[in-house]
Amino acid sequence: MTTNVIYLVQRLSWRVGEGSGEEVEADDPRLDVREDPNAPGHFQIVVYHRQPNEGGLPVRAFRNYLSAERFRRECEHQQRRRTNPFRYGDRMEQWSSLDEGRFRDWLLDLGLTPPDHEGEENPQVVTRAWNNWWLKHRAKLTYDMQLKFASALNTGLAGLGYGQRAEGGPIDLPWLDAAYTNMGKLTAHQRQCVRTALYTCGIWDPPQNAGERDFHRVIEKWRDWWDEVVADLSPSQFEGVWNALDKIRFYELIELSELD
């Protein structure tokens, strides 16, 4: 009995994000415009998502690995040419192994100008908003409220979410003053955990969006950037950007065994 190997190229499954469809004109020049399957004659542009275990659809099988890999690469290249990568997922962690700062540096090294920083987190604005909020509460602070503010802050610093609470931790006023007047130094996740913990303590008015990252605007900014620059990219720049977007793939090669 001998074992034969079959190399299967399959297209990875990407599903349309729920509620992501934006109606557009048929002649909209942006990539990924498609006819609305639920409204013939109407067109939309959508966002796609996939999970690592969602698999795909077989496209073609080969006996020879090099032929299969060459075919996969060509399919991948053709899909990239008609695709805005930033519409496949909705945050940098789903696009690239690089964080946003290093991804921007990567683009600069390719001779490209990344989008501006509109919508990004502004630590100074964050700090000012929390500082003003804290001073308002600080002026009428009771010991009971001091304990609640301390509990919320310790919980947030630990990154604990709804229904969780940090045990122990500092409660003195100098520490609270220093922390609540420098909230821009915390991560966005820690600040959100502080807010959640404050709500749990019955404190309903912590600062919300002042200086915080506008995720929707940041995502749209990257999508708009690609639509604007893609036509002018050199082949090396095009490949360079896609090399950094290493988490977005459309085809894969699977090795299967067949027994005679």
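Author: This is a predicted model, in which local features need pLDDT of at least 70 and side-chain atom pairs count only at pLDDT 80 or more, while totals for chains, interfaces and linings use all residues. Residues are numbered from 1 along each chain as its sequence is written, and side-chain values use heavy atoms, with hydrogens and water left out.

Reader: How much space lies in the largest pocket?

Author: On a 1 Å grid over the protein atoms alone, a pocket is an open set of points where a 1.4 Å probe fits, with protein on both sides within 12 Å along at least five of seven lines. Grid points are joined across faces, edges and corners, and a volume is the space filled by probe spheres set on the points. For the largest pocket the space is about 280 Å³.

Reader: Which residues lie nearest the centre of the largest pocket?

Author: Lining residues are those with an atom within 4 Å of a point. By class, the lining has five charged, four polar and four nonpolar residues; Asp, Glu, Lys and Arg count as charged, Ala, Val, Leu, Ile, Met, Phe, Trp, Tyr, Cys and Pro as nonpolar, and the others, Gly among them, as polar. The lining has 13 residues, and those nearest the centre are W14, R50, Q51, P52 and K247.

Reader: Where is R50 found, and which residues does R50 touch?

Author: R50 is found in the loop between strand 6 (48-49) and strand 7 (56-62); strands (E, at least two residues) and helices (H or I, at least four) are DSSP runs, numbered from the N terminus. R50 and H77 are 27 residues apart in sequence, and their C-alpha atoms are 19 Å apart in space. Contact means heavy atoms within 4.5 Å. Leaving aside residues up to four places away in sequence, R50 touches L12, S13, W14 and G55.

Reader: How many helices and strands does the chain have, and what is its radius of gyration?

Author: The secondary structure comes to nine helices and eight strands, and the C-alpha atoms fill a box of roughly 80 × 55 × 45 Å along the principal axes. The radius of gyration is taken over C-alpha atoms, and the globule rule is 2.2 Å times the number of residues to the power 0.38. A compact globule of 260 residues would be near 18 Å, but the chain has 25 Å.

Reader: Is D32 buried or exposed?

Author: D32 lies in the loop between strand 3 (22-24) and strand 4 (33-35), and its phi is near 75 degrees, a positive value in a residue other than glycine. Buried means under 20% relative accessible area, exposed over 50%, and partly exposed in between (1.4 Å probe, protein chains only). Because the relative accessible area of D32 is 12%, this residue is buried.

Reader: Why does R34 count as partly exposed?

Author: R34 has its place in strand 4. Not counting residues up to four places away in sequence, R34 touches V16, H42, F43, Q44, V46 and Y48. R34 counts as partly exposed because its relative accessibility is 26%.

Reader: Which residues of helix 9 are buried?

Author: Helix 9 spans residues 235-244. What covers its buried residues includes helix 1 (65-81), helix 2 (92-95), helix 3 (100-109) and helix 8 (215-229). The buried residues are Q237, F238, G240, V241, W242 and A244.

Reader: What is the relative accessible area of N132?

Author: N132 is found in helix 4 (residues 123-138). The C-alpha atoms of N132 and T181 are separated by 8.1 Å, although these residues are 49 apart along the chain. N132 is partly exposed, with a relative accessible area of 45%.

Reader: How many disulfides does a search of the whole structure find?

Author: A disulfide is here a pair of cysteine sulfur atoms within 2.5 Å. The search of the whole structure finds zero. C201 is in no disulfide, and the nearest cysteine sulfur to it, that of C193, is at a distance of 13 Å.
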